[in-house]
Amino acid sequence: QQPSWCGLLTPAQRLYCGFALIAELLLIWLWQQGVTHSPASDQWVNTIAHLMLISLYPRAKAPPLTQQSARVQPNGPPAAATAGQAKARSFFLDSVKILCTELVLIHHISIAFGAFGGLSWAPIFATADGNGNTFSAQVSFWLLAPNQCFFMCLLFFVAGIFTPSSLERKGVTEFVRDKLKRIGWPLIISYFVVSPLMTGLLGVVLGGGNMLTYMNFQASVTWFLATLLIFSIAYAIVPLPHVSLPFPSSIQIILICAALGAVQGWMFYLNVTFFDICPNINGALPFDVAFFAAGCIAKRSGWLEAIQQMSPKDYWLARTVCLLAWVGVGVAGPLIGASNLLAHNLCQIVLVGTFFGVLTGSLSVSVLHFCAVHCNSASRVQRIASEAQYAVYVLQVIIIPCVTLSFLPILSSLGIAVKFHFVEGGYGFTSFDKIPDWLRIVGWLYTIALVTVISWPLGYFFRKLPLVRDVL
């Protein structure tokens with residue numbers, strides 16, 4: 001007697017199929033609906049949502065643990081041989097992640113107070129003039145431009161370091177399922193829940209009217225999670241050889257990054273957008289791919305130890321080039337102006353991209369070496385910050401807008417009235433009312449301090465909540 005179709009599925013699997021059907025219908029409706037300001041039509045996020053629906057399907061009972069261990073154990077090195085080294089290296093890498101995450105917060109707060117860039121999920125105090133000796137120009141060229149060159153690249157580099165060993169321990173199936181859980185859930189919840197609610201509430205507070213007309217589905221800061229998830233799955237399913245390469249010298253890294261910068265300039269000229277990465281002139285897709293790939297090679301090739309043992313000649317070369325490039329950007333940028341610097345001329349844009357590539361290579365090497373030598377020890381504060389880092393990155397889309405709004409009563413008490421207008425094209429609610437530069441700087445420092453004080457303790461305790469601790 002042939003079994004019935006219903007007999008092929010367990011009760012849990014039948015229940016899940018019903019849930020998946022409802023979820024699929026909801027995704028289809030959200031993709032094309034016109035009720036909110038924008039539909040939920042990001043192709044990469046929706047692709048990841050469907051992958052998560054597949055990965056959540058209830059599976060058959062797992063084999064005994066001894067059989068799993070027998071299959072997994074030969075793929076990795078003996079734990080006793082590497083435990084001490086891995087523990088020492090993790091402090092150094094934690095320092096890099098903490099530094100880059102704090103710079104991400106400062107970067108977005110700076111945009112909110114008038115520096116170059118778009119920020120559709122927080123109010124922006126815009127400036128009329130972005131050139132010359134203004135707060136906007138100085139912060140943009142002295143802080144944001146160097147930041148953009150390296151901080152996200154290093155986060156991809158650190159993520160790549162742990163990818164090969166994780167894949168070897170878990171195997172392809174469990175590795176992909178784990179990445180979909182740890183990276184996919186924050187992305188999906190941020191895109192489908194947090195983003196529309198926050199933009200809707202921001203619209204009601206600053207613009208008034210119907211909340212639905214302001215609700216916007218956007219990946220915002222979780223573009224990094226979507227891109228990292230795609231990189232990780234690609235690494236797991238593409239049959240790449242296990243290569244071991246010597247750690248390149250500073251000049252080699254700088255030259256490679258200069259070439260990547262030229263490619264980035266060409267992509268910026270063509271306005272190429274891929275993996276939700278905007279076509280920036282510095283620190284974008286070519287660097288993210290290259291740094292993630294470098295991270296995948298680094299641990300097996302002994303690069304982490306090589307960074308700590310760099311010769312003075314090598315790291316001082318990187319520091320010198322970094323300082324010269326940084327000062328060049330900070331001095332020339334405000335004088336030339338962003339619009340003139342990025343004039344729609346292919347040769348000029350490629351040269352600018354190449355210059356920023358030099359800054360990316362030299363600054364990345366300098367930061368990695370400094371953290372490896374001076375920040376490679378354990379402390380209670382560092383441990384707490386390391387555990388909170390992931391949550392801090394995700395929660396910024398809630399904390400930064402709320403803290404920025406708290407500056408409005410301060411302005412009002414000083415007799416300065418600001419009115420926000422909803423600006424299309426990724427700029428959200430923007431105020432063009434004039435604010436004295438000294439007060440803008442005070443608000444900028446106030447927001448950085450308060451966001452930092454709130455974010456790290458909150459992130460630490462938030463990740464200890466039930467369900468959350470299994471993801472963040």
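I call a residue buried under 20% relative accessible area, exposed over 50% and partly exposed in between, using a 1.4 Å probe and protein chains only. With that in hand I looked up V331: at 43% relative accessibility, V331 counts as partly exposed.

Ground rules for these notes: the model is predicted, so I keep local features only at pLDDT of at least 70 and side-chain atom pairs only at pLDDT 80 or more, while totals for chains, interfaces and linings use all residues. Residues are numbered from 1 along each chain as its sequence is written, and side-chain values use heavy atoms, with hydrogens and water left out.

**Overall**

Of the 472 residues, 49% count as buried. I take contact to mean heavy atoms within 4.5 Å. Among contacts between residues at least 6 apart in sequence, 79% join residues at least 24 apart.

**Surface**

The accessible surface is about 22,600 Å², and 70% of that belongs to carbon and sulfur atoms (Shrake-Rupley method, 1.4 Å probe; for residues, only the protein chains shown count as cover). I then went back to V331, which lies in helix α10. Helix α10 (residues 312-336) gives the largest share of the patch, five residues.

**S110**

I looked up S110 in helix α4 (residues 79-112). S110 is buried, with a relative accessible area of 0%. Leaving aside neighbours within four places in sequence, I see S110 in contact with A115, V139, L143, L144 and W444.

**Sheet**

The three strands make an open sheet in the order β1-β3-β2, with mixed pairing; two strands pair if DSSP finds at least two bridges between them. The edge strands are β1 (124-125) and β2 (420-423), each pairing on one side only. β1 and β3 (residues 428-431) run parallel, joined by two bridges, and I124 has T430 as its bridge partner in β3. β2 and β3 pair in the antiparallel sense over four bridges, with F422 opposite F429 in β3.

**Cysteines**

I counted zero disulfides, going by cysteine sulfur atoms within 2.5 Å. For C322, the nearest cysteine sulfur is that of C149, 9.4 Å away. C322 is buried at 7% relative accessible area, whereas C402 is partly exposed at 44%.

**Salt bridges**

I counted five salt bridges, each a side-chain nitrogen of Lys or Arg within 4 Å of a carboxyl oxygen of Asp or Glu. One of them joins K97 and D94 (3.9 Å, N to O). K97 and D94 are three residues apart in helix α4, so about one helical turn separates them. D178 and K170 form another, with the closest N and O atoms 2.8 Å apart; D178 is buried at 18%, and K170 is partly exposed at 30%.

I also noted R463 with E387, at 3.7 Å between the closest N and O atoms. This pair links distant parts of the chain, 76 residues apart: R463 sits in the segment after α15 (437-462), and E387 in helix α13 (residues 380-405). Salt bridges that share partners join R383, E387 and R463 into one network.
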